[in-house]
Amino acid sequence: FSLSTYNKMWTDAQKDLDIQLQREREEFLQPDKDRVEAFKMLAASYIKYMQIFRNLETAHDRLIHRQKRMVIRQVLDGVIGRILEIKKEMVELENSEFHYIDNILEDLKLLPEDIEVPIPRYFIKEKLEVLQQREKILDQILLDAGLQTQKPVKVMTFEEAIKMIQVAERARQGRCRAAFMKQIYLEEKRERQTKLQVQMGPSPDAAATCIQKVWRGYIQRKKTEKMRGEEMIFLGMSLPPHLKAMNISQMHAGQVKALEVEVQERHEEVFIKDKLRETEGLDIKETLQDQISQCFIECRHIIGKFPDYPTEEAGGSMAILSQKTPEQVTAELAARKEMALQKKAQKGKKEQGKEKTKVKKPQKTGKKVRAPGEEGWKMAPSNFLSIMEEGNSQYKAIWQNRGEGWDFLQDHDPELIKEEKREEVEEEIRVQVDELMQQKLENLKLAVDGEKSDKQKKGRKSEKVRAAMMSLVRRTIDSLYRELVEEGLLIKAKTVNLSDYVGKYSYLGTTLRQVDIEPMPSLADVRQLIALYGILPLGSQTVHEKAPLVKALLLAGPAGVGKKTLVHAICTETGANLFNLSASNIAGKYPGKNGLQMMLHMVLKVAKQLQPSVVWIGETEKIFSKAAPKAEETNPKRLEKILPKFLKALKAQDRVLLVGTTNRPFDANVKSFCKVYQKIILIPRPDYASRFGKYFLWKHIILQNGGAITNLLNISCLAKVSDGFTQGHIIQAVQAVLSELRLLQMTRKPLRTAEFMTSLARQDPVYKEEEETFK
């Protein structure tokens, strides 16, 4: 793929977005009485936005032109937010988190893979250095605290090293001597056979024997080479076949991608900004000083005295240089002073009034009042349409008809950067000029009008404030981070991608719903919800602030369906910190009500400061259980009352997500349980399609553990027999069979179906009664 391909991909995505925005203006503004038709319209838009999202994300990742990537990023955030808004409307229309749109996909001639939510790669790439540094710090803290053991490095003495080298050298010399002697023996044997053949003539038996020797030697050499390779894999000296190094084309692609990242990360803005400061900075500074001095003189001539210099909050010299007359500037400054005095007076009156009287607030009712003319479903107003419109208009104005034949490198446009950076340079210089001109104005006032500056008084006040601030001793984020790690509350997330949670799409959803049967969700549906509610908002600040806010997420399902894996996947895909507040983990730590509040305050402070963050509560049903409370320190219910306050403290700008996991949600008190967890995702056991499909579950897990698939292994039979078992059961069965010894025997003794069936039969499945209880 060349850069022109990705430029075309971006162009096509922008065209599709333009059409979609036109549809938004025409169709979504009209109320629709038919909820089924409204859902179909929303689903079609959801699919279209997902295709645009996929193309924009690929173009943003592969293009190296900085200004283009900035425009794409803006539109990309808008598209992600719009997808989340449409998802919210679809949930409200169907009263279900899971949607079955296979009939719409069929009409559009699309596959389920086309609506798979892509994870933007810039979530990690933009903060890779920070994440790597944080991981090093975390590893060091864990090592110092003894919570993580370093891999032992074998240290040998000098004498042992010499002895090992001597043994290896003697063995090498012995092999060389044996090879030399063998060569002499073979040459002598060949001479004797030649003499016999000359005397007696060639015989067919001798010729056949010769051919057999050559063939057997060739076969044996191949077997020996294969056995040596297996031995090296077993010893850990080389990689197994499915993990071997990439081929030449893949290596070349990797090198190209590394170069692209290097070009993307170049900081031409800094170089151009410095150059602008050198070439145009002096002229800008002189122009600003002349304009401000002229304004002082004009004010002195008209009013009779020099004006007060505007404060930094009022805009500094920007207020003076705005298109206003000197009288207007002076009057505006005087009016602001009067307003400040009036506000102080009003505050004093309000405080007195509060003490005397109490004003009753109108009671809020939970009922929504519908306008008399409003009927049917209508799309809620969007926070992201304006962002997409702005990005779309920017694309049309600058990039749509832009000739780029001159730009061979396609990395940046210096003129566009100059336009952006010139404003920043002017602002920096204006701040410096403000300081100089403020001093000059005070000198002029003292010399001409005899006025004294009240700077000394302000200085005294600021010193008092500074002294008061210094007296407030607050702990640093680093010390809080270290304490949470040492207490085991901040843990290291496992490196698991969302794509590792394999599972197939359900093709019977629409058919079952047409006959009033609610289908069980598939693993692909679960994967999609995790991406929509967990990963996308945590990865982008813009999306999190403006999209429908999801503060808490509950993953409920039988043991072994991958709930913890999904928690770790959210952290891996977004680079989030992982806090473990499970009842078993906090037992005995920070006892008492004050200790609990302090713990949550520390977690909240670190999570907000080092966002994104995931706060995980395992076995969360214990916190809301109906059972009688235990001892205070080990009581899991002590979090029940404080969790709503914890969630209330989270605002839209805080990329912090509370994730609970449970395999017994029916043991919890439903009212308080659902009050905390805004979204509940049911994770079922895998269906037949997920167990049998290509590269899914059985195949995926066997290959992942070093096994090989042959005709003797009936995957279809295993998929049918394992009905009722979870991913965890299948992993345990595969790992029990594929021991190190069994992997070495696999070439001579291929894997058979019965081996896995025997291992699987020792485990307890998920029974129908439990599944119905989950429903």
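This is a predicted model: local features need pLDDT of at least 70, side-chain atom pairs count only at pLDDT 80 or more; totals for chains, interfaces and linings use all residues.
1. The salt bridge of Lys-492. The partner of Lys-492 is Glu-135, and the closest N and O atoms of the two are 3.9 Å apart, a distance that falls inside the 4 Å cut-off applied to such pairs. Because Glu-135 belongs to helix α6 (residues 128–145) while Lys-492 sits in the loop between β1 (490–491) and α17 (509–514), the pair ties together parts that are 357 residues apart in sequence. Glu-135 is likewise partly exposed, its relative accessible area being 42%.

2. The structure holds 22 salt bridges, and one of them is formed by Arg-82 with Glu-24, where the closest N and O atoms are 2.7 Å apart. Arg-82 is part of helix α3 (residues 66–94) and Glu-24 is part of helix α1 (residues 3–26), so this contact ties together parts that are 58 residues apart in sequence. Arg-82 is buried, with a relative accessible area of 1%, and Glu-24 is buried as well, at 4%.

3. Glu-755 forms a salt bridge with Arg-742, with 2.8 Å between the closest N and O atoms. Since Glu-755 lies in helix α30 (residues 753–761) and Arg-742 in helix α29 (residues 740–745), the parts tied together here are 13 residues apart in sequence. Glu-755, at 23% relative accessibility, counts as partly exposed, whereas Arg-742, at 6%, counts as buried. Elsewhere, salt bridges link Glu-57, Asp-61, Arg-121 and Lys-125 in a network.

4. The largest nonpolar core. This core has 82 residues, of which Val-79, Ile-530 and Ile-681 touch the most other members. Helix α2 (residues 35–62) supplies the largest share of the core, namely 13 residues. Domain 1 (3–121 + 379–400) and domain 2 (477–682) both give residues to the core, so it lies between them. Leaving aside residues up to four places away in sequence, Ile-530 touches Leu-498, Ile-535, Leu-553, Leu-555, Leu-566, Ile-570 and Ile-681.

5. As general background, nonpolar side chains in soluble globular proteins tend to be buried together.

6. Tyr-590. Tyr-590 is found in the loop between α21 (583–586) and α22, and it is buried, with a relative accessible area of 11%.

7. Asn-95. A positive phi, of about 55°, is also found at Asn-95, which is not a glycine either. The residue is located in the loop between α3 and α4 (102–107), and at 70% relative accessibility Asn-95 counts as exposed.

8. A cis peptide bond. The peptide bond joining Gln-611 and Pro-612 is cis, with omega at about 5°. Pro-612 is placed in the loop between α22 (592–609) and β4 (613–618).

Technical notes
Residues are numbered from 1 along each chain as its sequence is written. Side-chain values use heavy atoms; hydrogens and water are left out. A nonpolar core is a set of buried Ala, Val, Leu, Ile, Met, Phe, Trp, Tyr and Cys residues joined through side-chain atoms within 4.5 Å. Buried means under 20% relative accessible area, exposed over 50%, partly exposed in between (1.4 Å probe, protein chains only). Helices (H or I, at least four residues) and strands (E, at least two) are DSSP runs, numbered from the N terminus. Domain bounds come from an automatic or database domain assignment. Contact means heavy atoms within 4.5 Å. A salt bridge is a side-chain nitrogen of Lys or Arg within 4 Å of a carboxyl oxygen of Asp or Glu.
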